[in-house]
Amino acid sequence: MKTMDQAKIEIRSQQSKFGKVNSLMQYINKETLRVEHVKQPRGKASGVDGVTKEMYEEHLDDNLDKLIQRMKTFSYRPLPVRRTYIPKGNGKMRPLGIPTYEDKIVQGAFRKILDFVYEPLFCDFSYGFREGKDCHQAILEINHHIMFDKVNYVVDADIKGFFDNLDHDWLIRFLEHDIADKNFIRYIKRFLIGGVMEDGKKLESDKGTPQGGLISPVLANTYLHYVLDTWFIWLKKNNIIKGECYLVRYADDFVVLFQYEDQAKKFYSMLKDRMAKFGLELEENKSRILPMGRFKGTKETFDFLGFTHINGKTRNGKYKLIHHTSKKKWNKRKKMLRNGLRKICIVVLKR
């Protein structure tokens, strides 16, 4: 049986020789699924079938054998995710999808293979959900560009409900650009249309990524790699946007930094059309162009990845980009602290 270490080597070799990769389903086998099982944390909520990790591993070998057999005969179909809701920092509720345990380990193996395929292809300025990259590195890159490069304007853009509105047909076309294994793609499609179970009713999913799915981050990155990242590089290479300009993206959160205001406005106009072409929409009341940098320093600020970025000065009067915890994130922390203290007080009073 092929291991994931072998998969990484062989996939990279295929990419260098042929551009596309094939025969990926050979890496979804009993041993790679067993590895994914071991990785899963214990004590987590179960999906619609009620099966937990502890229950699944009581007959692990038998369960994995049956799972592999169903996958070989294409009778394996992911079950709908169980939708629940958790509170957001602004008082609203965020939907959370809980896949079945078996679907989790299958998605984990698929995600690993997708990471092997796309890590060499993704751009350096993409930081979200990637090994060796994090939000702090993204903030450091923004800091460097604004402090030391010719940056005077920031396009602060927000995509409306990205994970819920990602277009399935376009995503499959993007995947097929790099993956020639039709059976592998076939299972990706099944995960996309698995549906959601809420209040005992199944809701169909004709767009968006699997809620709570382990493959959602890499699928989202793949989508925006082609919709945004490679398009931005093409615009620069063909001198359609001029002057210095930089893109920094973390999943669906991104900012674009410009030297010239007219180029920032031109890009923003094109960006709206670009998003619409692929079934996406900018949240216009949250998207804007603002002056930012040592030559255009104003009192305006922008929030990105939990921090408010502010034009400031050092004690010597020199320009400095200042980063403070955003008000939204700070209020969320205070609310969590209040709730934690309230629970402690209740426990103490009951004693």
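Started with helix H10 (residues 216-237), which lies across S6 and S7 and runs at about 175° to S6. For angles I used axes fitted as lines to C-alpha atoms, for helices over the stretch in contact, with values from 0 to 180 degrees between N-to-C directions. Labels are DSSP runs numbered from the N terminus: helices are H or I with at least four residues, strands are E with at least two.

Ground rules: this is a predicted model, where local features need pLDDT of at least 70 and side-chain atom pairs count only at pLDDT 80 or more, while totals for chains, interfaces and linings use all residues. Residues are numbered from 1 along each chain as its sequence is written, and side-chain values use heavy atoms, with hydrogens and water left out.

Next I looked up the sheet. It is open, with four strands in the order S6-S7-S3-S8 and antiparallel pairing (two strands pair if DSSP finds at least two bridges between them). S6 (245-250) and S8 (288-291) are the edge strands, each with a single partner, so one side of each has no neighbour in the sheet. I noted an average twist of 20° from one strand to the next.

Inside the sheet, six bridges link S3 (residues 153-158) and S7 (residues 253-258), and Tyr-153 sits opposite Phe-258 in S7. Helix H6 (residues 135-148) packs on this sheet too, touching S3, S6 and S7, at about 165° to S6; contact means heavy atoms within 4.5 Å.

Last, I checked a hairpin: S10 and S11, with five residues between them. Seven bridges join S10 (residues 307-313) to S11 (residues 319-325), antiparallel. Asn-311 has Leu-321 in S11 as its bridge partner, and Gly-317 in the turn has a positive phi of about 85°.
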